[in-house]
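Hi everyone, thanks for coming.

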Amino acid sequence: MVRAALHSSRPLYKRWYLWSLLVLLIGYIVAVVLHWDDRAELWVKEWTQSSAQRKASVWLPDYKAVIDGKHLPGMEGDEASDITYHPGTRTLFAVMGKNPYLVELSLQGDVLRKMPLNGWSNPEAVATLPDGRLAIVDERQHQLTVVKVDPTTRELNIADFTPFDLGPSVEQNKAFEALAWDPRNQRLLLGEERPPALFSLKLGSDGQPTGEKQRLDAPDLDMRNLSAVAVDPRTGHRLLLSADSHLLMEYDETGKQWSFMTLLGGMNGLKDTIPRAEGVTIDDEGTLYLVSEPNLFYVLRKH
């Protein structure tokens, strides 16, 4: 009778053992695909940083959402693609990728004006230049165009400007999607979406892009895609955004990772996961602004 009981328990034990192995294997695959192992390593690195090192960085863990997923009215079908802070006007400018528009926003996400981008095909990135002009990247056309916007501007025509050819990318349909001005080095940072890569591009004496873009020598970017880039004017650190990884990461100029923020619901004051974060910028006081497809606006401040 005892032997019969032991015999009947063995198949149950084997099934339990096999199911346990399967669950562990699936968990490991998911962790690798989502880079949870890398996140855990970075978490450890973050919390071993000294208080002085934290103060010398942007330090994303201290940020909390103060405007969480505000809808930009009338832009549900336009697809917000990027955003930049303009210190001259103390407003924000965003580009819409599906229906080409340049939109000026208040710092609270109120729409001030919406300007058609005539002749652009798929504007995916925007950056404010030192003289107040804006640089816009068209991902589909592989072009960067420097434009001037004043209080009277109601639309922009690409025929009025001189587009700069950015050249081919590894994946033509997943090309240049990130752009930011690097004030310390007086250059543009240009990001390729997939595989993630960063380049620099100089401006000539006429304020127009010049020369060849130069690939930045830095460690591999630990993200599935690169959606946007911003440069903190106080520290010079780079903020790299990945929609696919639901991550905002902080790097210094050498490529060293300093901190990160997961864009998931329940983290950093976010009620819900940011569905597809496509643009990020930071102002001179350290406030973060993000946009997500289709038309969501976020503000995060350090607490």
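I'll start with the overall picture, then go through strands, cores, the pocket and one glycine.

Two bits of housekeeping. This is a predicted model, with local features needing pLDDT of at least 70 and side-chain atom pairs counting only at pLDDT 80 or more, while totals for chains, interfaces and linings use all residues. Residues are numbered from 1 along each chain as its sequence is written, and side-chain values use heavy atoms, with hydrogens and water left out.

Okay, the overview. The protein chain has 3 helices and 21 strands, where helices (H or I, at least four residues) and strands (E, at least two) are DSSP runs numbered from the N terminus. Of its 303 residues, 51% count as buried; buried means under 20% relative accessible area, exposed over 50%, and partly exposed in between, with a 1.4 Å probe and protein chains only. Then contacts, meaning heavy atoms within 4.5 Å: among those between residues at least 6 apart in sequence, 51% join residues at least 24 apart.

Now a sheet. Look at E11-E12-E13-E14: in that order, these 4 strands form an open antiparallel sheet. Pairing here requires that DSSP finds at least two bridges between two strands. E11 (176-182) and E14 (209-215) are the edge strands, each pairing on one side only. On average, neighbouring strands of this sheet are turned by 25° against each other, direction ignored; the axes are lines fitted to C-alpha atoms, for helices over the stretch in contact, and angles run from 0 to 180 degrees between N-to-C directions. E11 and E12 (residues 187-192) are joined by 6 bridges, and one to click on is Phe176, whose partner in E12 is Glu192.

Elsewhere, E4 (residues 101-105) and E5 (residues 111-118) pair antiparallel over 5 bridges, with Glu104 partnered by Arg113. Their hairpin has 5 residues between the strands, and Gly109 there takes a positive phi near 85°. E5 also pairs with E9 (residues 156-157), this time parallel, over 2 bridges.

So what about the cores? A nonpolar core here is a set of buried Ala, Val, Leu, Ile, Met, Phe, Trp, Tyr and Cys residues joined through side-chain atoms within 4.5 Å. The largest has 21 residues, and Leu248, Leu288 and Leu290 have the most contacts inside it. Strands supplying at least two residues each include E1 (63-71), E16 (238-242) and E20 (288-292). Leu288 touches, among others, Leu60, Met261 and Tyr298, leaving aside residues up to four places away in sequence. A second, separate core of 18 residues includes Ala125, Trp181, Leu188 and Leu201.

Next, where is the largest pocket centred? Tyr85, Pro87, Thr128, Trp181 and Ile282 lie nearest its centre, out of 26 lining residues. E2 gives the most to that lining, with 4 residues.

Last stop, Gly207, in the loop between E13 (197-203) and E14. Is Gly207 buried or exposed? Gly207 counts as buried, because its relative accessibility is 13%. Gly207 touches Arg133 and Val146, again not counting residues up to four places away.

How values were computed
1 Å grid on protein atoms, 1.4 Å probe; cavity = no way out; pocket = protein on both sides within 12 Å on 5 of 7 lines; lining within 4 Å.
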